[in-house]
Amino acid sequence: MELVNFTSFKGGAGKTTALMAVCSCLLERGKKVAIFEADDNRPISKWRDNAIEKGTWHDNCSVLIADTLSNFEAAYEEASKSGYHIALADSQGGGSNLNDMILINSDFIVLPTALTTLDADEVIETYQHVIKTLAREGLEIDLAILKTRVPTSKLTQSQMRTSTLLDELPVFSQPLHLRDAFADMKFKGLLHQTILKMKQNPNDALHASHFQKAIDEADIITADILSALENATNGN
Ligand SMILES: Nc1ncnc2c1ncn2[C@@H]1O[C@H](COP(=O)(O)OP(=O)(O)OP(=O)(O)O)[C@@H](O)[C@H]1O
Ligand SMILES: [Mg+2]
């Protein structure tokens, strides 16, 4: 089992949303996915409950509570022995011993950020913290910044400057744009199960085509994560 960690110092950076989108794509690709709920607010458990109610959940996905060091260890052990291919950790914003523990047990780290100056400052600070923590532990773990909530319209000068600044660091070439499909996931459930339902209703055809764009973006990021994990396994 491999652990992909979604983390940031800043609250509201887009961690949970990015995780949900990648989770949908991993399940669609036939992976068995465990989600480590490391945020006391339990957004992932709420998401799962909403999805189950709407019939948009997937049997190959389980949520394991990992909100303390010992719960994280138990979740990791449970996911490893139960045949999950991948675990996704939804960390709470800020620095903590728990977040550092998740960091050093990760196989890939995703650092989501919006393109405001404040968000960029915080993601750079998080990036530096991650690098320092990994160096202290003598670890080399692949990581990438994920630009998210990127407007679909033309970027402002300031957003463009932030985007260019972030390009100096390891960054996913594909951003997640600001889309209703992403914002609505927490109520509607998994992306692929939701679009299947939409396609059954002819009135939803236009909505489904917007939705597909969100899925395509998330799938490119998922493919990048999977290939980074594969490269790490092969020792490249
Ligand atoms: N790409 C996106 N398109 C539209 N809305 C988004 C996108 N990414 C995030 N959001 C919205 O922004 C808000 C914050 O996102 P999210 O909850 O994923 O951040 P977070 O980093 O997990 O926050 P927290 O630190 O509180 O856990 C949410 O309301 C979410 O729906
Ligand atoms: Mg969150």
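This is a predicted model: local features need pLDDT of at least 70, side-chain atom pairs count only at pLDDT 80 or more; totals for chains, interfaces and linings use all residues.

Trainee: Let's start with helix 3, then; what span should its 13 residues have, and how far apart are its end C-alpha atoms?
Mentor: Helix 3 covers residues 69–81, and at 1.5 Å a residue it should span 18 Å, which agrees with the 19 Å between its end C-alpha atoms.

Trainee: Which residues of helix 3 are buried?
Mentor: Phe 72, Ala 75 and Ala 79 are buried in that helix. Looking down the axis of helix 3, you find the buried residues within an arc of 65 degrees, so they line one face of the helix.

Trainee: And what does the face turned away from the buried side carry?
Mentor: That face of helix 3 carries Ser 70, Glu 77 and Lys 81, which are exposed.

Trainee: Switching to rings: how many aromatic pairs does the structure hold?
Mentor: There are 5 aromatic pairs in the structure. One of them joins Phe 36 and Tyr 76, a tilted pair with 6.3 Å from centre to centre and 50 degrees between the planes. Because Phe 36 belongs to strand 2 and Tyr 76 to helix 3, this pair ties together parts that lie 40 residues apart in sequence.

Trainee: How is the pair of Phe 72 and Tyr 76 arranged?
Mentor: Their ring centres are 6.1 Å apart and their planes stand at 65 degrees, so this pair is edge-to-face. Both residues lie in helix 3, where 4 residues, or about one turn of the helix, separate them. Phe 72 is buried, with a relative accessible area of 2%, and together Phe 36, Phe 72 and Tyr 76 form one aromatic cluster.

Trainee: Which residue lies over the face of Tyr 84?
Mentor: That is Lys 32, at 4.6 Å from the ring centre.

Trainee: New topic: where does Asn 5 lie, and is it buried or exposed?
Mentor: Asn 5 lies in strand 1, and with a relative accessible area of 0% it is buried.

Trainee: What does its side chain make a polar contact with?
Mentor: The side chain of Asn 5 meets the side chain of Ser 91 in a polar contact of 2.9 Å. Leaving aside residues up to four places away in sequence, Asn 5 touches several others, including Ile 102, Leu 103, Phe 108 and Val 110.

Trainee: Where are Arg 42 and Arg 149 found?
Mentor: Arg 42, with a phi near 50 degrees, lies in the loop between strand 2 and helix 2 (43–54), and it is partly exposed at 32% relative accessible area. Arg 149 has a positive phi of about 55 degrees and is found in the loop between strand 6 (142–147) and helix 6 (157–166); it is partly exposed, with a relative accessible area of 41%.

Conventions:
Residues are numbered from 1 along each chain as its sequence is written. Chains are lettered from A and ligands numbered from 1 in the order in which they are written. Side-chain values use heavy atoms; hydrogens and water are left out. Helices (H or I, at least four residues) and strands (E, at least two) are DSSP runs, numbered from the N terminus. The expected span of a helix is 1.5 Å times one less than its number of residues. Buried means under 20% relative accessible area, exposed over 50%, partly exposed in between (1.4 Å probe, protein chains only). The arc is that of the directions from the helix axis to the C-beta atoms. Rings of Phe, Tyr and Trp (its six-membered ring) pair if their centres lie within 6.5 Å; planes under 30 degrees apart count as stacked, over 60 as edge-to-face and the rest as tilted. A charge sits over a ring if NZ of Lys or CZ of Arg is within 6 Å of the ring centre and within 35 degrees of the ring normal. A polar contact is a pair of N or O atoms within 3.5 Å; within protein, one must be able to donate a hydrogen and the other to accept it, and residues adjacent in sequence count only if both atoms are side-chain atoms. Contact means heavy atoms within 4.5 Å.
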